[in-house]
Amino acid sequence: MSVKKMTAFCLLLVLLGGIITGCAPEKARVAFDRLHLTKRLKLQFATQFQVDYYEGGYKLISLKDGSRFLTVPENAAVPAGLDTSIVPLQQPIANIYLAATSAMCLFDSLNRLDAIRLSGTKPDGWYIENARKAMEDGRIVYAGKYSEPDYELLLSEKCSLAVESMMIGHASEVKDQLEQLGIPVLMDQSSNEEHPLGRAEWIKLYAALLDEEQTADALFEEQVKKMKAVAGESNTGKTVAFFYISSSGSVITRKSGDYVSKMIELAGGQYIFKQLGDPTKKTSSFTLEMETFYKTAKDADIIIYNATIADELTKLSELLAKNELLGEFKAVKSGDVWCTDRNMYQETMQPGELIESFHTIFTDNTGNLDAVPHFVRLK
């Protein structure tokens, strides 16, 4: 077949809706290096990603680990000359496999659970009501946990993107297999953000994928406003211990300087551990024997039991049953003992509200406050 006939044949197929790789008219594929950068996303707190906007509606998402993704507008062609390290994502992006639990709240806040078809968490593992209901209704289906996904289901559901947490680093063979099957993998690195609002600002990344930027900006600014409303007030001087007790009896608390301890400080409190854990390591939790924990935390003004991983408590007696030494704590004697609800960690989009609640707890001088959003007093 002559070149002219081949060109005409390919053009006919395009007009009829057919797709043959490499047959799209070259003039329809703009060269990526010729696209003009129109703006760069302004980030206030996040440091682990960036979004660059190009003419024609293309968006280049760059992550701290070096991975890059280019969103391609619906009915537009992937730009010619695109670097092989950049993964093209054709919009609309749908049938997402979400294995990063922290991101579900962000999709839910954007009112875009419709973009998620597959979950790495079972229905009873979700404390986000809309996510759990979507699974119960069959709009989102369980596709195996991050380390053991159901590859056949992902393919049959035409999964266009797998959003993984950093845990996928412990199962690199899974990431390799997904990519070999043609399923791009985006690793959510929000847990590496140092500022609590940095984690929430990842809503702007998912908004870029789904063309929901205006909604994301409004939601994020609301959390910033809540934080600033209390962060500007003077320090209360209240010392705070935040922990839970494992099944083995050890105390699991937060490393100094992690996002929970920073929320406590932004709310006007002082995290009881000033130099706990290795600041060069990414892990945020730290294990202590009860005797060691007792020496530092027994005089804390307020203790908060972390029920997001352990069992949620409703009575002070349930906490004291875990270890008799807790009865000697200053906060127990004064009645300043609180427990988180189960969904605190899954509510990635609520740092401003959490800081507000912390602040309310720290400034309560009446002792009559029984509950604030995400927390309940144990009596």
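Visitor: Is Cys 159 buried or exposed in this structure?

Guide: In this predicted model, Cys 159 has a relative accessibility of 9% and therefore counts as buried, since buried means under 20% relative accessible area.

Visitor: How should I read helix 8, and which of its residues are buried?

Guide: One can begin with the length, because 19 residues (213-231) at 1.5 Å a residue should span 27 Å, and the end C-alpha atoms of helix 8 are 26 Å apart, in agreement with that expectation. The buried residues of helix 8 are Ala 216, Phe 220, Gln 223, Val 224, Lys 226, Met 227 and Val 230. Viewed down the helix axis, these buried residues fall within an arc of 155 degrees, so they line one face of helix 8.

Visitor: What do the buried residues of helix 8 pack against, and which exposed residues does the face turned away from them carry?

Guide: The buried residues pack against helix 6 (196-200), helix 7 (203-210), helix 9 (259-266) and helix 13 (351-363), whereas the face turned away from the buried side carries the exposed residues Gln 214, Ala 218, Lys 225 and Lys 228.

Visitor: Where is Ser 256 placed, and which residues does Ser 256 touch?

Guide: Ser 256 sits in the loop between strand 12 (251-254) and helix 9, and with a relative accessible area of 17% this serine is buried. Leaving aside residues up to four places away in sequence, Ser 256 touches Ser 261, Tyr 271, Phe 273, Lys 274, Gln 275 and Leu 276. With Leu 276 there is a polar approach as well, in that a polar atom of the Ser 256 side chain lies 2.7 Å from the backbone nitrogen of Leu 276.

Visitor: In what order do the five strands of the open sheet run, and which are the edge strands?

Guide: The five strands are arranged in the order 8-7-6-9-10, with parallel pairing. Strand 8 (141-142) and strand 10 (185-187) are the edge strands, each pairing on one side only. Strand 10 pairs with strand 9 (residues 162-164) in the parallel sense over three bridges, and Glu 164 has Met 187 in strand 10 as its bridge partner.

Methods. Residues are numbered from 1 along each chain as its sequence is written. This is a predicted model: local features need pLDDT of at least 70, side-chain atom pairs count only at pLDDT 80 or more; totals for chains, interfaces and linings use all residues. Side-chain values use heavy atoms; hydrogens and water are left out. Helices (H or I, at least four residues) and strands (E, at least two) are DSSP runs, numbered from the N terminus. The expected span of a helix is 1.5 Å times one less than its number of residues. Buried means under 20% relative accessible area, exposed over 50%, partly exposed in between (1.4 Å probe, protein chains only). The arc is that of the directions from the helix axis to the C-beta atoms. Contact means heavy atoms within 4.5 Å. A polar contact is a pair of N or O atoms within 3.5 Å; within protein, one must be able to donate a hydrogen and the other to accept it, and residues adjacent in sequence count only if both atoms are side-chain atoms. Two strands pair if DSSP finds at least two bridges between them.
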